[in-house]
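User: Hi! Could you walk me through this one?
Analyst: Happy to, take a look.

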Amino acid sequence: MARREGATAAWDRARAAARELGERTGPSAPRRVPLAEALGATLAADLPALVGIPDCDTSAMDGYAVCGPGPWRVTGRVLAGAAPTADALAPGTAVEIATGAPVPPGTTSVLPYEHAREEGGGAVSGETEPDRHVRRAGEDTRPGDVVLKQGAPVTPAVLGLAASLGHDALRVRRPVLAVLVTGDEVVRTGVPGPGRVRDAIGPMLPGLADWAGARAEPPVFLGDVREGLADALRSAAGSGPDAVAVCGASSKGPADHLRSALGDLGAETVVDGVACRPGHPQLLARLPDGPAVVGLPGNPGAALVAAVTLLAPLLSALAGRPDPAAAAPGRAELSAPVRPHPVDTRLVAVRLTGSAAEPVGHDRPGSLRSPAAADGYAVIPPGWSGPLAEIVRLPR
Ligand SMILES: Nc1nc2c(c(=O)[nH]1)N[C@H]1C(S)=C(S)[C@@H](COP(=O)(O)OP(=O)(O)OC[C@H]3O[C@@H](n4cnc5c(N)ncnc54)[C@H](O)[C@@H]3O)O[C@H]1N2
Ligand code: MOO
């Protein structure tokens with residue numbers, strides 16, 4: 001395997017290297033998808049308004065569109081959905097109007113029903129001021145305005161906005177993550193029997209991928225056979241994903257074949273182990289002219305740390321958006337003492353309360369109990385004396 005960094009990387013350097021690899025090889029190819037499939041993706045193009053908001057002068061209230069000073073003689077009624085009329089209101093006249101309905105030309109304000117007094121003879125009066133409760137054409141958005149720049153995450157509000165501006169589809173990026181789960185002992189469903197272990201990494205990856213603006217494909221389950229892993233990597237790469245996550249097989253055991261499989265395939269190593277606890281066997285490589293490969297250690301707690309260290313920076317860079325793990329607060333004071341590791345950076349699961357970070361406890365590489373109750377990890381480098389620590393976020 002061609003080596004770029006070779007030796008174990010410092011935790012912060014590994015994280016930066018994953019982001020850099022994503023930026024160097026990305027962003028992932030844009031696709032035009034219907035609005036219903038775009039949630040969670042990243043805009044690959046600026047979003048223009050195909051129509052003004054509102055597209056014509058409309059009423060913001062149910063009441064009367066009036067012209068000039070009152071009282072006003074009511075001459076008709078306009079409901080929402082009516083086509084804008086060319087017939088102008090004359091001074092001293094009004095039409096009953098519904099919220100969202102086009103006001104006639106000449107409208108000077110809208111008088112809500114609850115502010116109107118019946119004057120008899122089909123006339124109304126009331127206090128109003130020029131332009132009150134009238135939404136002028138394009139006052140929110142003019143046709144052609146760019147309302148969002150490329151790189152914006154597609155949220156529910158973005159979908160609603162895009163629809164209101166006349167879009168049925170959006171040009172977006174959403175990197176695809178292929179997933180290989182190794183281990184003869186790993187079972188997919190039910191209560192594992194003696195010596196068996198239930199896959200706990202596969203179920204985490206769709207949510208982790210979404211969080212970073214990507215999409216995880218359903219996992220492919222493999223045994224521990226070395227040739228099987230190289231073949232599976234080759235076939236996973238052949239289906240054109242932007243990255244491949246391999247769960248397990250990252251260490252030095254008799255059945256841990258990820259490094260040798262990558263070597264057989266001529267992969268370029270970017271990060272070969274990270275000086276952190278848990279998660280030190282994690283790795284990052286790139287197949288020749290192919291996707292990035294992230295090796296997530298088999299211990300689920302270590303796999304989650306590796307997902308935050310390597311996978312989230314890589315996928316978010318491929319999506320063209322910021323790393324979600326780097327979201328605020330950035331730093332917090334630990335509310336209880338934590339012992340640093342002599343040489344490695346510790347990632348300690350914490351709950352965030354106000355400006356403080358409270359260690360959850362129960363930190364074990366094979367367990368997800370502490371991160372399941374946490375908002376993120378406190379980053380504790382060797383020699384740390386606290387109480388302030390960098391915080392990396394977990395998806396909630
Ligand atoms: N001689 C050494 N042994 C180990 C080292 C080391 O440095 N030298 N590192 C340890 C650390 S740290 C970790 S983490 C693990 C990494 O192991 P692998 O990535 O090779 O994974 P496996 O050996 O296949 O499994 C380890 C452990 O995790 C369980 N596992 C595997 N896959 C899953 C899954 N999808 N869901 C839940 N649990 C899973 C597996 O049954 C093992 O118990 O290596 C240490 N050893
Ligand atoms: O990565 Mo291992 O402890 O660090 O489970």
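User: How closely do the axes of helix α1 and helix α6 come, and at what angle do they cross?
Analyst: This is a predicted model, in which local features need pLDDT of at least 70, side-chain atom pairs count only at pLDDT 80 or more, and totals for chains, interfaces and linings use all residues. Residues are numbered from 1 along each chain as its sequence is written, while chains are lettered from A and ligands numbered from 1 in the order in which they are written. The axes of α1 (residues 11–25) and α6 (residues 300–319) come within 7 Å and cross at roughly 25°. The axes are lines fitted to C-alpha atoms over the stretch in contact, with angles running from 0 to 180 degrees between N-to-C directions. Helices are DSSP runs (H or I, at least four residues), numbered from the N terminus.

User: So are they roughly parallel or antiparallel to each other?
Analyst: Roughly parallel, therefore, a term for angles under 35 degrees.

User: Which residues of α1 meet α6?
Analyst: Among them are W11, A14 and L21 in α1, with partners in α6 including L310 and P313. Contact means C-beta atoms, placed from the backbone, within 7 Å.

User: New topic: which residues come nearest to ligand 1?
Analyst: G248, S250, S251, P297 and G298, out of 24 around ligand 1. Near means a C-beta atom, placed from the backbone, within 6 Å.

User: And how confident is the predictor in the complex?
Analyst: The complex gets an ipTM of 0.98 and a pTM of 0.91. The protein averages a pLDDT of 94, on a per-residue confidence scale from 0 to 100.

Key. pLDDT is the predictor's confidence in each residue, from 0 to 100. Helices (H or I, at least four residues) and strands (E, at least two) are DSSP runs, numbered from the N terminus. Angles under 35 degrees count as roughly parallel, over 145 as roughly antiparallel, 65 to 115 as roughly perpendicular and the rest as oblique. Two residues are in contact if their C-beta atoms, placed from the backbone, lie within 7 Å.
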